[in-house]
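Subject: Structure handover

Hello,

I am passing this structure on to you, with notes on what turned up in it. Please look it over before reading further.

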Amino acid sequence: MGSPFNIIFVADDSLKAAGIAKECYALVDSFNLAYSDYDPSSELNKVNAAAGVSPQKISPALFDIILRSQTAYYKSKGAYDITIGPLSQLWRKARKEKIFPDADIVTEKRKLVGFDNLMIDTVQKKVMLAKPRMRLDLGGIAKGYIAQKIIDFLTQKNITQALADAGGDMAMSDAPDNTQGWTIGINIPETTDELLPRKLLLHNMAVATSGDAYQYIDHNGKRYSHIIDPKTGYGISSQRNVTVIASNGTDADWLTKPCSILPIEEAKRLAVKMKAELLITVLKGEKVIYYMTPGFKRYWKK
């Protein structure tokens with residue numbers, strides 16, 4: 001899905017570890033073949049190709065993540081929406097070509113976005129995009145979902161000390177031996193390699209961070225992030241870094257998107273409602289400003 005995928009785990013035998021790692025990556029590949037919008041042959045893109053034409057019978061894996069995305073849509077009051085595909089393709093092209101799209105094109109694409117136009121048949125396990133040229137994009141949920149699936153798979157294999165990192169969306173099980181948790185760094189807003197002075201210490205949790213350090217487009221002195229607000233059709237320009245700690249990789253991943261879009265207090269309320277913890281950092285001049293839910297501090301490494 002356009003990101004590196006790394007797995008770290010502790011095993012008692014290197015040959016056994018190599019075999020299990022191979023199984024893990026085969027599982028990752030199978031999910032990628034279902035969820036990727038980069039791969040023309042993916043199951044997701046077959047659903048997209050049938051937009052406005054016919055319902056598509058889909059695999060349990062794709063059906064499950066669509067149902068989870070439906071929950072995310074309603075919990076976030078529409079701030080997270082997987083039907084954003086037409087807009088994400090438009091802005092991906094704009095970033096690549098460094099050409100800011102005309103307002104009328106953005107408006108045209110925005111008319112194709114709307115979760116209510118995704119028909120879900122829970123009996124037949126079929127889905128259909130009601131309008132031609134609609135597109136699903138699972139980029140804001142699938143990486144965390146897959147990372148969690150890998151941790152669950154390793155647990156079934158009696159591997160209980162593990163971390164799966166899908167392009168910065170991380171899920172983990174028990175802490176490595178002689179440690180209190182996995183040490184996780186968070187980048188300073190608008191930087192790729194500078195970290196906040198305090199690290200996180202986590203186990204049996206998931207964490208994801210979103211920001212515009214890697215993917216953005218500048219226009220008239222304003223930076224637009226790759227995170228698109230479905231209501232406006234434009235990438236957000238608030239330039240905040242958002243870190244979510246949740247009990248599972250799926251929630252940690254998708255929550256970073258609406259928590260980047262919504263006003264800070266509303267974002268905090270959403271995180272609390274989802275039993276997650278949230279950190280928002282904003283760079284003002286040379287100073288980093290912190291906003292967080294009350295429980296976030298307990299995960300700082302002492």
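This is a predicted model: local features need pLDDT of at least 70, side-chain atom pairs count only at pLDDT 80 or more; totals for chains, interfaces and linings use all residues.

The seven-stranded sheet

Seven strands make up an open sheet, ordered E1-E5-E6-E9-E12-E13-E14, with antiparallel pairing. The edges are taken by strand E1 (5-9) and strand E14 (287-292); each has a single partner strand, so one side of each has no neighbour in the sheet. On average, and with direction ignored, neighbouring strands here are turned by 15° against each other.

Within this sheet, strand E6 (residues 169-172) and strand E9 (residues 206-210) pair in the antiparallel sense through two bridges. Alanine 171 has alanine 206 in E9 as its bridge partner.

Helix H6 (residues 142-156) packs on the sheet and touches E1, strand E5 (162-166), E6 and E9. The direction of H6 makes about 160° with that of E5. Helix H8 (residues 264-273) also packs on the sheet, where it touches strand E12 (240-246), strand E13 (277-284) and E14. The direction of H8 makes about 160° with that of E13.

The three-stranded sheet

An open sheet of three strands runs in the order E2-E4-E3, and its pairing is antiparallel. Strand E2 (56-57) and E3 are the edge strands, each pairing on one side only. E3 is joined to strand E4 (residues 126-129) by four bridges, and the two run antiparallel. Leucine 118 is placed opposite leucine 129 in E4. Helix H3 packs on this sheet, touching E3 and E4, and its direction makes about 120° with that of E3.

The hairpin

Strand E10 (residues 216-219) and strand E11 (residues 222-225) run antiparallel and are joined by four bridges. Histidine 219 is opposite lysine 222 in E11. The two strands form a hairpin with two residues between them, and asparagine 220 in the turn has a positive phi of about 50°.

Helix pairs

Two packed helices are described by the angle between their axes and the distance between the axes.

For helix H4 (residues 85-97) and helix H5 (residues 103-110), the axes come within 8 Å and cross at roughly 150°. An angle over 145 degrees counts as roughly antiparallel, and H4 and H5 are therefore roughly antiparallel to each other. H4 passes H5 in a right-handed crossing. On the H4 side the contact is made by Pro86, Leu87, Leu90 and Trp91, and on the H5 side by Ile105, Val106, Lys109 and Arg110. By class, this contact has six nonpolar, no polar and two charged residues.

H6 also packs with helix H7 (residues 249-261), at an angle of about 165° and with the axes 7 Å apart. This makes H6 roughly antiparallel to H7. The crossing of H6 and H7 is right-handed. Here Ala142, Lys143, Gly144, Tyr145 and Gln148 in H6 meet Gly249, Thr250 and Asp253 in H7. By class, the contact of H6 with H7 has two nonpolar, four polar and two charged residues.

Aromatic pairs

A search of the whole structure gives 15 aromatic pairs. One of them is tyrosine 73 with phenylalanine 115: the ring centres are 5.0 Å apart and the planes are at 20°, so the pair is stacked. Tyrosine 73 lies in helix H3 (residues 60-75) and phenylalanine 115 in the loop between H5 and strand E3 (118-121), so the pair ties together parts that are 42 residues apart in sequence.

Regards

Note on methods
Residues are numbered from 1 along each chain as its sequence is written. Side-chain values use heavy atoms; hydrogens and water are left out. Axes are lines fitted to C-alpha atoms, for helices over the stretch in contact, and angles run from 0 to 180 degrees between N-to-C directions. Angles under 35 degrees count as roughly parallel, over 145 as roughly antiparallel, 65 to 115 as roughly perpendicular and the rest as oblique. A crossing is left-handed if the near helix is turned anticlockwise from the far one by less than a right angle, and right-handed if clockwise. Contact means heavy atoms within 4.5 Å. Ala, Val, Leu, Ile, Met, Phe, Trp, Tyr, Cys and Pro count as nonpolar, Asp, Glu, Lys and Arg as charged, and the others, Gly among them, as polar. Two strands pair if DSSP finds at least two bridges between them. Rings of Phe, Tyr and Trp (its six-membered ring) pair if their centres lie within 6.5 Å; planes under 30 degrees apart count as stacked, over 60 as edge-to-face and the rest as tilted.
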